[in-house]
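The following note is intended for a colleague who is meeting this structure for the first time. Its points are numbered so that each may be checked against the model in turn.

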Amino acid sequence: MKKIILLFTVFVVFATTTWAQTSNLVVFSEDLNPFYLVVNGIKQNATPQTNVKVTQLKTTDNAVMVIFQDKTLGTVKQNFYFPEMGVEVTTKITKTSKGYKLRYFGEVPLEEATSSANQYATSFQNEDAETPSAPVEEVIPVASPVTETPK
């Protein structure tokens, strides 16, 4: 009976850690052109960067778009699939004869992933990474007291 409970516990722990794995995506510009990185329709950096690292990606299939600060360079759209989770995939933006493309550059297990000083790192954003605006205050009209006039 103890072996069955132990085996069941090991299975549950293994299953939850396998399903809860995440991955990282690093995108850098080979030509050092600053860009915004959009992952799954959500802008990840509020200011243009040349090297962006997005951590805690929970889905294996991600739609990635690069929007250059210099509008004349256009945009790059590509789907990225992680065949296995728990890795950090690095891609570079490369100029080709047909424009800019995202090219696979390498991957390492998350345990071996490092950050560099010139790298903008962010956890996957669920909302656009914009400069927060001032909160809108709701003005509630205050009712004036009712006074009775003598007759």
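**Note on the fold and its contacts**

1. Five strands make up an open sheet with mixed pairing, in the order β8-β7-β1-β4-β9. The edge positions belong to β8 (99–109) and β9 (120–123), each of which has a single partner strand, so one side of each is left without a neighbour in the sheet. From one strand to the next the twist averages 20 degrees, where axes are lines fitted to C-alpha atoms, for helices over the stretch in contact, and angles run from 0 to 180 degrees between N-to-C directions. Two strands are said to pair if DSSP finds at least two bridges between them.

2. A word on the basis of these values is in order. The model is predicted, so local features need pLDDT of at least 70 and side-chain atom pairs count only at pLDDT 80 or more, while totals for chains, interfaces and linings use all residues. Residues are numbered from 1 along each chain as its sequence is written, and side-chain values use heavy atoms, with hydrogens and water left out.

3. The secondary structure of the chain amounts to one helix and nine strands, and along the sequence the pattern reads α-β-β-β-β-β-β-β-β-β. Helices (H or I, at least four residues) and strands (E, at least two) are DSSP runs, numbered from the N terminus.

4. A second open sheet contains four strands in the order β3-β2-β5-β6, and its pairing is antiparallel. Here β3 (42–43) and β6 stand at the edges with a single partner strand each, so one side of each lacks a neighbour in the sheet. Between β2 and β5 there are five bridges in the antiparallel sense; F35, for instance, has F68 in β5 as its bridge partner.

5. On its other pairing, β2 meets β3 in the antiparallel sense over two bridges, with V38 opposite K43 in β3. The two strands form a hairpin with two residues between them, and N40 in the turn has a positive phi of about 55 degrees.

6. Is β2 mostly covered or mostly open? Five of its five residues are buried, where buried means under 20% relative accessible area, exposed over 50%, and partly exposed in between (1.4 Å probe, protein chains only). F35, L37 and V39 lie on one side of β2 and Y36 and V38 on the other, and both faces are covered.

7. Which residues have the most contacts inside the largest nonpolar core? They are V27, F35, L37, V66, I93 and L102, in a core of 20 residues. Such a core is a set of buried Ala, Val, Leu, Ile, Met, Phe, Trp, Tyr and Cys residues joined through side-chain atoms within 4.5 Å. At least two core residues come from each of β1, β2, β4, β5 (61–68), β6 (75–81), β7 and β8. Not counting residues up to four places away in sequence, V27 touches several residues, among them F35, L37, V66, I93 and L102; contact means heavy atoms within 4.5 Å.

8. S29 belongs to strand β1 (residues 23–29). This serine is buried, with a relative accessible area of 5%. Leaving aside neighbours within four places in sequence, S29 is in contact with F35, T50 and I93.

9. The count of salt bridges comes to two, a salt bridge being a side-chain nitrogen of Lys or Arg within 4 Å of a carboxyl oxygen of Asp or Glu. In one of them the side chains of K92 and E30 meet at 3.1 Å, N to O. K92 is in strand β7 (residues 87–96) and E30 in the loop between β1 and β2 (35–39), 62 residues apart. K92 counts as buried at 19% relative accessibility, whereas E30 counts as partly exposed at 38%.

10. The side chains of E88 and K53 also meet in a salt bridge, at 3.0 Å, N to O. Because E88 lies in strand β7 and K53 in strand β4 (residues 51–57), the pair ties together parts that are 35 residues apart in sequence. Both E88 and K53 are buried.

11. S115 is found in the loop between β8 and β9 and is exposed, with a relative accessible area of 54%. S115 and K53 are 62 residues apart in sequence but 8.4 Å apart in space, C-alpha to C-alpha.
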